[in-house]
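Thanks for making the time this morning.

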Amino acid sequence: MIDTGLLKGDLESLKSKLKFRHSSVDLDYLSELVSKRSNLTRESEELKNKRNEISKKIGIARSTNQKADELLMKAASFAKEISSMEHNLSEINSEYKQLIDQIPNICDEDVPLGEDESSNVVVKMWGDELIKKDGKSHDELLKTNYLDSERAAKISGARFAVLRNRAATLERELANFMIREHISKGYEEISIPFLVKEKAMFNSGQLPKFKEDAYSFDAFYLIPTGEVSLVNLYSNEILDEKMLSKKLVCYSPCFRKESGSYGKDTKGLIRLHQFSKVELVKIVKPEESDNELDSLVADAESILQKLKLPYRVVLKCRGDTGFTASKTFDLEVWMPSQNKFREISSCSNTRDFQSRRSSIKFRRGKKNEYAHLLNGSGLAVGRTIAAIVENYQITNDKDFDDIIDLIKKI
RNA sequence: GGAGAGAUGGCUGAGUGGUCGAAAGCGCUCCCCUGCUAAGGGAGUAUCUGCCUAAAAGUGGAUCGAGGGUUCGAAUCCCUCUCUCUCCGCCA
């Protein structure tokens, strides 16, 4: 959530900051609600103060065997007034909370203006000389000895994949390689729960906005990304300043309904209901988060570089930046069959947006401050397989063995 | 799945209707003392939030797993939920 103090300040400036952010919250209304709320809160606290004083006197009178009838009557009248005020207040509070939860993060000043991906800015190209055009698609190259979509459909339906033989091995080795690389850069490997509480989904910003894209049953949600569990690892904690920066890496399956993407990427490994991903999360001090974002991107990039896959780095514009992020760089890998770059990692600074929601703080001197949280994929494993297969046009066991050997040696 | 016990500050743990945000101990911070070390003495030590302040100080409200209820007053009584532990059963 955003700093609620902003709602008491310059409303027009807040509005302009949220331009392009697809927020439907009526800030004028909300700001009225905020002042109504604080007035009512103040009044009720004053009343409570009076009541508490009388109650204390009653207690003292009782313990010294004095009569307190008059005090009791006075206190009772306060109690009535307080309870009706509290009733009003709780209605205002729930509306307030509901609206606040829908406000997206404010983007950094240097994030480009713009409504959608057409305003995104390419900030870096890597491996131009490696780009090959018009290759066969990974789907074509792999079916059905390595990618058995038909049998996957038999088991689970559309948008599921069964990897076989060397492709299955490659998936496991790739994940292993990615984790190894990140550990060597100081990340702590975490093995996380894949089923999480609703609260955990809320804390990391998946709820309430993206409810329709998440699978759930009983009281659980299936994680759409390992970020959910990693972000919640330290929720409701006040960390020792010395513990920061905290760098975490996990490997997990991710589950998404992909409800808004019928007809897109229906073949292959690009858009599945279940895919595996290596995820990076950092918990850092506020003054470090800008630099930490750069190094997070570099950490994800290094995987692509070591695999010699051509890619570009894209700075997303305000309209295309996710709900929780203040700034996002996407890594897009070259896909020869589409002659296009496709997203393979998304690295974001959320500043204090997630840490406010999940209450992750650190102690600095005598004061507690919200930490800054960053997250990024490092990388999506399925898409990495697709990119490797297409860029190297892999078709047989020998090709697979070569690349698997290479990965093991890096 | 069955039976039982429990959830209090950084930790252990006392507290069953009233000067209780909470005894005591441990830990931690600062100070004193002793040549160093060990030991000892003193002070401080939860979170969120309102007002006030340049800031500190000060002062209100809320928080004893979560939410609701009873009451002038709830850590304490009642209800619902969540979680943890122990035993039995089942099981990778």
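A polar side-chain atom of Arg363 lies 3.3 Å from a phosphate oxygen of RNA strand B, and I call this a polar contact, meaning a pair of N or O atoms within 3.5 Å. Please keep in mind that this is a predicted model, in which local features need pLDDT of at least 70 and side-chain atom pairs count only at pLDDT 80 or more, while totals for chains, interfaces and linings use all residues. Residues are numbered from 1 along each chain as its sequence is written, chains are lettered from A and ligands numbered from 1 in the order in which they are written, and side-chain values use heavy atoms, with hydrogens and water left out.

Two or more residues each are given to the surface near RNA strand B by helix H2 (27-63), helix H3 (69-100), strand S12 (360-364) and strand S13 (367-370); here helices (H or I, at least four residues) and strands (E, at least two) are DSSP runs, numbered from the N terminus. H2 gives the most, with nine residues.

How many residues surround RNA strand B? There are 18, and the closest are Glu45, Asn49, Ser55, Arg62 and Lys361, where a residue is near if one of its heavy atoms lies within 4 Å. Of the atoms of RNA strand B that come within 4 Å of the protein, sugar and phosphate account for 64%.

Let me stay with S12, the strand that contributes to this surface. S12 is joined to S13 by four bridges, and the two run antiparallel, with Arg363 having Asn368 as its bridge partner in S13; two strands pair if DSSP finds at least two bridges between them. In the hairpin of S12 and S13, two residues lie between the strands, and Gly365 takes a positive phi near 60°. Four bridges also join S12 to strand S6 (residues 237-240), but here the strands run parallel, and Ile238 has Lys361 as its bridge partner in S12.

Turning to the rings, the count comes to six aromatic pairs, where rings of Phe, Tyr and Trp (its six-membered ring) pair if their centres lie within 6.5 Å, planes under 30 degrees apart counting as stacked, over 60 as edge-to-face and the rest as tilted. Trp126 and Tyr311 are stacked because their centres are 5.5 Å apart and their planes at 20°. This pair links distant parts of the chain, with Trp126 in strand S1 (residues 121-126) and Tyr311 in strand S9 (residues 311-315), 185 residues apart. Trp126 is partly exposed, at 23% relative accessible area, whereas Tyr311 is buried at 0%; buried means under 20%, exposed over 50% and partly exposed in between, with a 1.4 Å probe and protein chains only.

By contrast, the rings of Trp334 and Phe341 are edge-to-face, since their centres are 5.0 Å apart and their planes at 70°. Trp334, at 5%, is buried, and Phe341, at 14%, is buried too.

Finally, the charged end of Arg357 sits over the ring of Phe202, 4.2 Å from its centre, which requires NZ of Lys or CZ of Arg within 6 Å of the ring centre and within 35 degrees of the ring normal. Arg37 lies over the face of Tyr96, at 4.0 Å from the ring centre.

Definitions and conventions
Polar contact = N/O pair within 3.5 Å; in protein donor to acceptor, adjacent residues only side chain to side chain.
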